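Please look at the sequence and the structure below, and keep both in view while reading about how charged side chains pair.

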Amino acid sequence: MDHYDSPQTNDYMQPEEDWDRDLLLDPAWEKQQRKTFTAWCNSHLRKAGTQIENIEEDFRDGLKLMLLLEVISGERLAKPERGKMRVHKISNVNKALDFIASKGVKLVSIGAEEIVDGNVKMTLGMIWTIILRFAIQDISVEETSAKEGLLLWCQRKTAPYKNVNIQNFHISWKDGLGFCALIHRHRPELIDYGKLRKDDPLTNLNTAFDVAEKYLDIPKMLDAEDIVGTARPDEKAIMTYVSSFYHAFSGAQKAETAANRICKVLAVNQENEQLMEDYEKLASDLLEWIRRTIPWLENRVPENTMHAMQQKLEDFRDYRRLHKPPKVQEKCQLEINFNTLQTKLRLSNRPAFMPSEGRMVSDINNAWGCLEQAEKGYEEWLLNEIRRLERLDHLAEKFRQKASIHEAWTDGKEAMLRQKDYETATLSEIKALLKKHEAFESDLAAHQDRVEQIAAIAQELNELDYYDSPSVNARCQKICDQWDNLGALTQKRREALERTEKLLETIDQLYLEYAKRAAPFNNWMEGAMEDLQDTFIVHTIEEIQVRQLVPRRDQALTEEHARQQHNERLRKQFAAQANVIGPWIQTKMEEIGRISIEMHGTLEDQLSHLRQYEKSIVNYKPKIDQLEGDHQLIQEALIFDNKHTNYTMEHIRVGWEQLLTTIARTINEVENQILTRDAKGISQEQMNEFRASFNHFDRGEAEFARIMSIVDPNRLGVVTFQAFIDFMSRETADTDTADQVMASFKILAGDKNYITVDELRRELPPDQAEYCIARMAPYAGPDSVPGALDYMSFSTALYGESDL
């Protein structure tokens with residue numbers, strides 16, 4: 001109810017010229033006024049926890065009359081007399097009448113004695129005067145007020161409805177359609193207006209009165225039968241009833257406005273909370289992925305075979321092509337979400353968002369830096385390991401070949417050296433055996449180099465951590481032990497033959513000479529065969545020296561020559577694309593830099609241009625994928641260098657990721673500038689001026705340090721245009737404040753210092769009502785009731801440092 005703090009005079013409130021006392025003698029009108037005025041008084045007295053039953057009797061002592069005036073005015077009257085004597089009652093009624101007069105109302109022929117005596121006509125006249133002053137006088141519609149304002153309001157609200165023509169406050173309301181139209185206009189869900197009939201006034205009136213009582217908190221002030229059964233319903237009763245509809249819907253309008261403000265504020269908070277939750281989850285998931293991935297990249301335990309290491313390389317390739325790119329996008333989106341959230345918080349007067357410890361953007365960047373460092377070392381290690389295994393496979397094969405040749409040569413040699421054939425031989429046979437033995441010794445000496453080569457290869461395999469070193473070492477040791485044994489047996493047999501030679505003078509010199517000369521040739525042949533069977537490893541076509549020694553060697557060289565030619569084609573194929581894509585990426589990065597500085601047109605035009613630019617960049621992705629395919633072929637062919645280009649696949653990948661991230665950030669900056677512009681009312685001309693000032697920002701100014709502390713609070717050394725706009729505009733956006741939200745809650749709470757669960761659920765949408773209920777603290781004031789909630793601390797928390 002409106003409060004009136006100062007007396008006012010109004011020509012409308014002149015002595016009751018229309019108060020025809022004789023009309024009150026009409027029983028029908030008096031009945032209608034009794035019922036209407038009683039219901040009207042009780043609609044206010046119930047706020048003080050009381051009511052009246054008989055209008056002329058219950059106001060006689062003046063106590064409830066004074067209470068009624070206090071409730072409807074919101075002011076305190078003089079202290080009432082509590083005595084039971086007539087003089088006390090007259091004093092109380094006079095205090096009430098004096099208060100009415102203080103509000104600019106001239107009372108005519110209404111005295112305290114008549115009220116105390118229970119004069120029905122005077123009492124009804126006094127109540128009508130109160131209704132006029134406090135319920136009707138201040139109604140104002142299109143420069144009309146009081147009765148005329150109320151009538152105009154009714155006409156405006158019912159104008160769209162057929163069969164409704166409000167011209168007065170008596171017969172225009174007899175069919176009930178006027179009441180139904182008022183309700184339907186404001187609360188269409190309460191009445192199915194299309195089913196109402198003009199020829200059924202009782203149904204129409206009862207429908208309107210029942211709905212108003214049940215849903216609009218308007219007590220039933222008249223009976224439908226009284227209105228229908230009267231040729232001309234009482235104007236004052238109808239006007240009083242209709243004014244209750246006006247105030248109900250006016251209050252509902254205020255409540256609706258308050259609820260809309262609260263919903264708007266809560267929607268902003270809920271959206272911000274969702275953005276905070278999304279940021280926290282995305283940051284947590286990204287950090288967890290980094291935490292899991294770094295140990296995998298830092299694992300330097302080598303595999304034993306080339307196949308296993310190539311599988312590791314394939315896994316790493318999948319990581320770079322399939323698993324990491326989405327995470328790059330998530331990291332970029334995380335930064336965009338963070339910047340957008342901070343912009344929205346700043347524009348809605350909320351405190352800046354502080355992520356959980358360890359989840360700041362800087363924390364994400366640090367973790368990402370560790371990931372890329374581990375990634376760089378991992379790829380380098382993989383390639384070195386593959387080179388090592390390639391070398392090991394070559395050495396192991398060479399070891400096996402030389403060992404096999406040596407073992408084939410030594411086969412049967414020990415048995416031969418242990419023979420005692422010289423005991424029964426003739427001198428010529430002894431000399432032949434001796435010559436033969438000398439030839440064997442020459443052959444043995446010639447094989448010494450092979451044994452040393454075998455030992456050297458075994459040593460190198462050990463130094464390179466060859467996985468099968470134990471078997472290599474065992475075989476090498478066996479060869480060395482056998483070699484030592486052959487040397488000892490050779491020396492022993494020589495001594496035996498020389499002793500026998502002294503006993504036998506004649507020997508077949510020619511045979512020995514033949515044997516002596518044949519031995520070097522046999523050794524040379526075996527060495528030549530060994531060399532031709534040796535394996536080889538090359539990486540470039542220049543390393544091949546074609547030696548057509550034997551058909552087998554020629555075939556191997558021919559195959560290697562073809563392989564190197566194929567590798568060279570792969571190098572040139574990769575280089576041809578890389579030498580185009582690399583400069584293209586660099587050019588696009590430079591163009592984005594220029595676009596962000598030299599933006600022209602409206603922000604919407606810039607945003608549209610940037611999105612088209614982003615689309616053209618994304619459409620280039622198939623060329624990156626094609627290059628990845630060529631790179632995979634190069635890695636599978638074990639090609640580790642490429643003289644035809646300075647670009648590696650890693651260069652292209654990093655450049656591509658930076659390009660996508662840069663265009664996304666630039667678009668987000670423009671989106672945030674649009675948010676700021678709309679919130680702060682910055683014109684396009686001002687934006688252009690800000691852009692020009694930003695592009696020519698002078699770092700040498702004396703106030704540079706002070707300005708930087710404002711535009712770069714995190715000391716990142718980077719100033720965004722968004723921060724520069726905030727610094728330059730410095731105008732507070734037209735946003736809600738905590739006080740405004742509190743005032744809105746106060747309206748919904750009916751001016752109470754607390755609000756109840758039922759009130760929240762009645763006035764707000766379900767999700768926002770439950771949002772408030774879950775977060776509001778219990779109200780602890782002296783006027784608290786069970787279940788009361790503290791909307792004041794809740795409103796303050798919406799704009800303060802809190803978890804809301």
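Which side chain meets that of Lys312 in a salt bridge? The partner is Glu303, at 3.9 Å from N to O, where a salt bridge is defined as a side-chain nitrogen of Lys or Arg within 4 Å of a carboxyl oxygen of Asp or Glu. Lys312 counts as buried at 13% relative accessibility, whereas Glu303 is partly exposed at 31%; buried means under 20% relative accessible area, exposed over 50%, and partly exposed in between, with a 1.4 Å probe and protein chains only.

This is a predicted model, in which local features need pLDDT of at least 70 and side-chain atom pairs count only at pLDDT 80 or more, while totals for chains, interfaces and linings use all residues. Residues are numbered from 1 along each chain as its sequence is written, and side-chain values use heavy atoms, with hydrogens and water left out.

Side chains of opposite charge can pair when their charged atoms come close. By the rule given above, the count comes to 52 salt bridges. One of them joins Asp175 to Lys198, with the closest N and O atoms 2.5 Å apart. Because Asp175 lies in the loop between α7 (146-158) and α8 (177-186), and Lys198 in the loop between α8 and α9 (201-215), the pair ties together parts that are 23 residues apart in sequence. Helices here are DSSP runs of H or I with at least four residues, numbered from the N terminus.

Another salt bridge links Arg388 and Glu385 at 2.7 Å, N to O. Both residues lie in helix α13 (residues 361-410), 3 residues apart, which is about one turn of the helix, and both Arg388 and Glu385 are buried.

Terms used
Helices (H or I, at least four residues) and strands (E, at least two) are DSSP runs, numbered from the N terminus.
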